[in-house]
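Please keep the sequence and the model in view while reading.

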Amino acid sequence: MKYRRLTKEQLEELHQEFINFLATQSITADEWENLKVNKPELAETELDVFSDLIWEGVLNKAEYLEHFAPQHMYLFHLNDDKMHAIVVNVKNEEVDITTQEGYDWLRENLMDESVEFLQADKDYTEDKNADKFSMIEQGAIITKGELYNYFNKLIN
């Protein structure tokens, strides 16, 4: 397995897609029920393959990631050849931008001397999607890039 198995909730949301996946492998509903009972290891393998296919599709489409920490905001634009990061550092330890109050403070004090902006480009390893997945596993979320684009215009 390349990524991780989808959660039960994710699999339930993708129920129809999973049925279609089984159908492409000529596995009927009755055969699937039989597999789960009589060959659970094979059923587990099918879930793993399906999960990897879904993750691969999601990661291929992902263009932006965001990751918030109490004093840092990491915004990534996932280009074809490398990722570009914008990091917003809040040097005021009394401000926690993971809370609404702290985030509001940041919005109102972007030009405060305790707010620092950094930028960097980072090359992917040989497996771009594995790099993206690793960031998601560490807490990043896929976004449409509104924050990235806002800060990119602000500082460039």
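## Surroundings of Gly 102

Once its neighbours within four places in sequence are left aside, Gly 102 is in contact with Val 95, Asp 96 and Ile 97. The model is a predicted one, and in it Gly 102 belongs to helix α5, which covers residues 100–108. With a relative accessibility of 6%, Gly 102 counts as buried, because buried means under 20% relative accessible area. Glu 12 is 90 residues away from Gly 102 in sequence, and the two are 35 Å apart in space, C-alpha to C-alpha.

## Helix α4 and its contact with α6

Helix α4 spans residues 40–61 and helix α6 residues 128–137; their axes come within 10 Å and cross at roughly 95°. Since angles of 65 to 115 degrees count as roughly perpendicular, α4 and α6 are therefore roughly perpendicular to each other. On the α4 side, the contact involves Trp 55, Glu 56, Leu 59 and Asn 60, which meet Asn 129, Lys 132, Phe 133 and Ile 136 of α6.

## Helix α4 and its contact with α3

Helix α3, made up of residues 29–38, packs with α4 at an angle of about 120°, and the axes of the two helices are 5 Å apart. That angle makes α3 oblique to α4. From α3, the contact is made by Trp 32, Leu 35, Lys 36, Val 37 and Asn 38, while α4 brings Pro 40, Leu 42, Ala 43, Glu 46 and Leu 47. The residues of the contact of α3 with α4 divide into seven nonpolar, one polar and two charged.

## Aromatic pairs

How many aromatic pairs does a search of the whole structure find? The search finds ten, one of them being formed by Tyr 3 and Phe 133, whose ring centres are 4.9 Å apart and whose planes stand at 55°, so the pair is tilted. Tyr 3 lies in the segment before α1 (8–13), whereas Phe 133 lies in helix α6, so this pair ties together parts that are 130 residues apart in sequence. Tyr 3 counts as buried at 8% relative accessibility, and Phe 133, with a relative accessible area of 9%, is buried as well.

Another aromatic pair, that of Tyr 150 and Phe 151, is edge-to-face, with 5.2 Å from centre to centre and 85° between the planes. Is each of these two partners buried or partly exposed? Tyr 150 counts as partly exposed at 45% relative accessibility, whereas Phe 151 counts as buried at 3%. Elsewhere, ring pairs link Phe 18, Phe 21, Trp 32 and Phe 50 into a cluster.

Side chains of opposite charge can pair when their charged atoms come close. A search of the whole structure finds ten salt bridges, and among them is the one in which the side chains of Glu 56 and Lys 2 meet, at 3.8 Å from N to O. This pair links distant parts of the chain, with Glu 56 in helix α4 and Lys 2 in the segment before α1, 54 residues apart. Glu 56 is partly exposed, with a relative accessible area of 26%, and Lys 2 is also partly exposed, with a value of 43%.

Arg 5 takes part in a salt bridge with Glu 44, in which the closest N and O atoms are 2.6 Å apart. Glu 44 lies in helix α4 and Arg 5 in the segment before α1, so the pair ties together parts that are 39 residues apart in sequence. Glu 44 is partly exposed, with a relative accessible area of 36%, and Arg 5 counts as partly exposed at 26% relative accessibility. The side chain of Arg 5 also meets that of Asp 48 in a salt bridge, at 2.8 Å from N to O. Because Arg 5 lies in the segment before α1 and Asp 48 in helix α4, this pair ties together parts that are 43 residues apart in sequence. Salt bridges that share partners also join Lys 2, Glu 56 and Asp 127 into one network.

Key: Residues numbered from 1 in each chain as written. Predicted model: local features only at pLDDT ≥ 70, side-chain atom pairs only at ≥ 80, totals over all residues. Heavy atoms only, no water. Axes fitted to C-alpha atoms, helices over the stretch in contact; angles between N-to-C directions. Helix = DSSP H or I, 4+ residues; strand = E, 2+ residues; numbered from the N terminus. Parallel < 35°, antiparallel > 145°, perpendicular 65-115°, else oblique. Contact = heavy atoms within 4.5 Å. Phe/Tyr/Trp six-rings, centres within 6.5 Å; stacked < 30°, edge-to-face > 60°. Buried < 20%, exposed > 50% of the residue type's maximum accessible area, 1.4 Å probe, protein only. Salt bridge = Lys/Arg side-chain N within 4 Å of Asp/Glu carboxyl O. Nonpolar A, V, L, I, M, F, W, Y, C, P; charged D, E, K, R; others polar.
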